[in-house]
Amino acid sequence: MLKVYIKLAFKYLRRQKARTFSMILGVSLAIMLVFGFDIITESSNKKQLNIINQMYGSYDGIYSNLAKNETEKIENDKYIKKSGSVAVLGKVISDDGTFMKLNSSDKDYIEMLGFNLKKGRLPIKDGEIVLESKALEHMKLDEKLNQDIKLKIKKEYKDELGVNQIFIETKNFKLVGVTDKSDYHYTNDWYEFKAFTFFKEGETKILPENLMTYESIVKLKSKGNTYKKLMDLAKRSGVNGRDITQNEILIMAKSEYLSSKDNNSKNPIIATSIILIYNMFNMS
């Protein structure tokens, strides 16, 4: 019996070629409409999220003013997906007045901030430094590796009496690497150039030990309610919650991206497609 129905169906399709073509075309268009809309929306949202990653980094939060043992607690927390920690070494100033925040070098920290190593390598010994391509351009220097660059190290602090003091020392560095970022990033007026140098606690002398602080950058395993999770991590690690900088732009973008995947924005398209298919079959 089934074979008879199949033969009758094929005979009908051969005789009614125009209707058959209309049905196939209608169904194809409807399917393309549903999946095409979904793919275009998903692609657009991913592109926006990628741009925000390039501008603001791929991290969820940064913990500042840390002691060395506090960075270790944060890095070893079971809710952390990825982290990186650096020593905060004040600022460096070039002869032409270009300011750069100076940190020790950590591959994960640098990548999570959205930097790419454009040329050379990361510092592996005292006196080596990595600078941003845009900073070198601002200083009117070529991106020539192994050139010597004289910089002033500056650190503002308060002494035991609460009086504001400034530590300044001139140091020669050798340029061993050049970092780069997306051009989107440099559209922010508040942006501060960043430099990375070699530092090993107890061995490298850049700042007096009493002026040393550390910074940890983290990406969390779980999604949603990021601020609460960052605060909970601070409590577990004994860190002051006021020293947390949340990557608010990226967190908002992630939230919008996830909600766009779950919303009903394509329901009108699906309804239209259903009506289109129904009409095609009704006409036939």
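This is a predicted model: local features need pLDDT of at least 70, side-chain atom pairs count only at pLDDT 80 or more; totals for chains, interfaces and linings use all residues.

Phe196 has a relative accessibility of 0% and therefore counts as buried, where buried means under 20% relative accessible area, exposed over 50% and partly exposed in between, with a 1.4 Å probe and protein chains only. Phe115 and Phe196 form an edge-to-face aromatic pair, 5.8 Å from centre to centre and with 80 degrees between the planes. This pair links distant parts of the chain, since Phe115 sits in the loop between H4 and strand E4 (116-120), Phe196 sits in strand E8, and the two are 81 residues apart. Phe115 is buried, as is Phe196. Rings of Phe, Tyr and Trp (its six-membered ring) pair if their centres lie within 6.5 Å; planes under 30 degrees apart are stacked, over 60 edge-to-face, and the rest tilted. Helices (H or I, at least four residues) and strands (E, at least two) are DSSP runs, numbered from the N terminus.

The count of aromatic pairs by this rule is 2. In the pair of Tyr109 and Phe196, the ring centres are 6.4 Å apart and the planes stand at 70 degrees, so this pair is edge-to-face. Here too distant parts of the chain are linked: Tyr109 belongs to helix H4 (residues 107-112) and Phe196 to strand E8, 87 residues apart. Tyr109 is counted as buried because its relative accessibility is 1%.

Residues are numbered from 1 along each chain as its sequence is written, and side-chain values use heavy atoms, with hydrogens and water left out. The chain has a mean pLDDT (the predictor's confidence in each residue, from 0 to 100) of 80, and 65% of its residues reach 70 or more.

Next comes the nonpolar interior. In soluble globular proteins, nonpolar side chains tend to be buried together. A nonpolar core is a set of buried Ala, Val, Leu, Ile, Met, Phe, Trp, Tyr and Cys residues joined through side-chain atoms within 4.5 Å. The largest one has 49 residues, and Leu89 is among those with the most contacts inside it, as are Tyr63 and Met100. Beyond its neighbours within four places in sequence, Leu89 is in contact (heavy atoms within 4.5 Å) with residues including Leu102, Ile153, Phe199 and Ile206.

Helix H3 (residues 68-75) has Glu70, Thr71 and Ile74 as its buried residues. They lie on the same side of H3 because they cover an arc of only 100 degrees around the axis, taken from the directions from the helix axis to the C-beta atoms. Their cover includes strand E1 (61-66), strand E2 (80-93), E9 and helix H6 (226-237).

The loop between strand E8 (194-197) and strand E9 (213-220) holds Thr204. Is Thr204 buried or exposed? Its relative accessible area is 7%, so Thr204 is buried. Not counting residues up to four places away in sequence, Thr204 touches Asp126, Phe198 and Phe199. The side chain of Thr204 also reaches the backbone nitrogen of Lys200 at 2.9 Å. Glu203, in the loop between E8 and E9, is exposed because its relative accessible area is 54%.

Technical notes. A polar contact is a pair of N or O atoms within 3.5 Å; within protein, one must be able to donate a hydrogen and the other to accept it, and residues adjacent in sequence count only if both atoms are side-chain atoms.
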